[in-house]
Amino acid sequence: KAMSLSGKSDLTTNANLKNDFPREMSSRLLSGQSGGMYVGKRFYSFTPIYFYPSDSEGYWVLLESLPKAALFSPIWNLFRVLGVLVLFTIGASVTAVIIFSRSLTRPLKELITGITKIAEAETDYHIPVTSNDEIAFLTFSFNKVLYKLDKSNKQLQGYAEHLEGKIQEKTDEIFGKAKQQKVVAEIGKLLLTNMDLQEIMAGVVNRVCNTLGVEFCDILLLDKSLHSLYLASGAGWKEGLVGHAAVGLDMESQAGYALKNQTPIVVRDLRTETRFSGEFLLREHGIVSGLSVPMLVEGRTVGVMGVYTSEERVFLKSDTNFLESVGQYMAAAIERKRVENEIVHGKEYTDKLIETAHDAIICIDENGIVKIWNRAAEKTFGYSNDEMIGVQILSIIPEKYKKDHHKDLELFLKNNEARIIG
């Protein structure tokens, strides 16, 4: 609302001013001052307007009236905008704090969790990297440390398992060697018995199979022609082969190869073996792995002893040593049996020769006891073999020769000088 009051004469009446405005405002209007003031709930702004600069008493007054609320509405609007801005700023700050807190505290919590896992020896924990800041770098470095710790832990576990396996392997090897040595001792005692050689060999191959855990075992001996080997004893072979199956001495057989090289031969897989093709006996039974050792006694070859499996197997050095020991024992036993047989055959021949001789043959021991009394002696002296064996020879010597006989016998025993003492 605006009003214009013109002319001094109009204002001097004070009629309208006094009715519409307070005294103070009326006075200011009449004095020609500009300004503004509140009157009730309204604000009045007044400005004198001079049309003639030379006439200071003739002027107009421009009076503008506004409600107090309208006057302060821009300020209130400013305060409202500022309030909204403040609230927005506070909300944005709180939101930023929350987001920053989450982006900071969550990785820190995960790092603390990771440290706890390490303390509990759980090194396979991994923290996901979700940002690209300093926290991400710290998380990446922590994950790298965890990876190295986990890798080291797995390596240590591997070393421990490997060491445990090695210890178990060595333990088994030690106990295996002890068992093998015990079996070797048992075989040695077995060879000192009066058992038949064939029975001894059968017992030995069975003991070897049980000790080494193999399916097949054989003892191959040189035949009389010395041109081939024959299966003297074995375990696991088809019926009818023991005592009859022959193996050549050529370099294509495993036994022949071991015999020619005079050394143990270990075969891991006969199917891929390049040194020899393997004898028919092995291929017929589906042999895959084998161990053969030459049987030697005083540098002379007696035969070959071997063990075999139908599945791939790695024979240890202790297995080779065991089989070599058994093979040497068997070679010595076989050689002893051969010598015994020769002695027996030689004795039988000598007995027959003495028994069929035309001359009287009498043998006595160092005590003069008769040990041999042949048929010709029976005819010559008239005493039978049964009557004279175990009897003192002086019983048939005339009294006058007994002293000389005794003297000559002592001389013979002392100097081994042969003289006629009968």
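1. Val-326 touches Val-184, Ile-187, Val-204, Val-208 and Met-305, leaving aside residues up to four places away in sequence; contact here means heavy atoms within 4.5 Å. The model is a predicted one, in which local features need pLDDT of at least 70 and side-chain atom pairs count only at pLDDT 80 or more, while totals for chains, interfaces and linings use all residues. Residues are numbered from 1 along each chain as its sequence is written, and side-chain values use heavy atoms, without hydrogens and water.

2. Val-326 is among the residues with the most contacts inside the largest nonpolar core, which has 34 residues. Such a core is a set of buried Ala, Val, Leu, Ile, Met, Phe, Trp, Tyr and Cys residues joined through side-chain atoms within 4.5 Å, with buried meaning under 20% relative accessible area (1.4 Å probe, protein chains only). Elements giving two or more residues to this core include helix H5 (134-191), helix H6 (197-212) and helix H9 (317-355). H6 gives the most, with eight residues. Helices (H or I, at least four residues) and strands (E, at least two) are DSSP runs, numbered from the N terminus.

3. Another core, of 22 residues, lies apart from this one and includes Leu-241 and Tyr-257.

4. Six strands form an open sheet in the order E7-E6-E5-E10-E9-E8, with antiparallel pairing; two strands pair if DSSP finds at least two bridges between them. Strand E7 (246-248) and strand E8 (265-267) are at the edges, each with a single partner strand, so one side of each has no neighbour in the sheet.

5. E5 and E10 pair over six bridges. Phe-216 stands opposite Tyr-308 in E10.

Terms used: Buried < 20%, exposed > 50% of the residue type's maximum accessible area, 1.4 Å probe, protein only.
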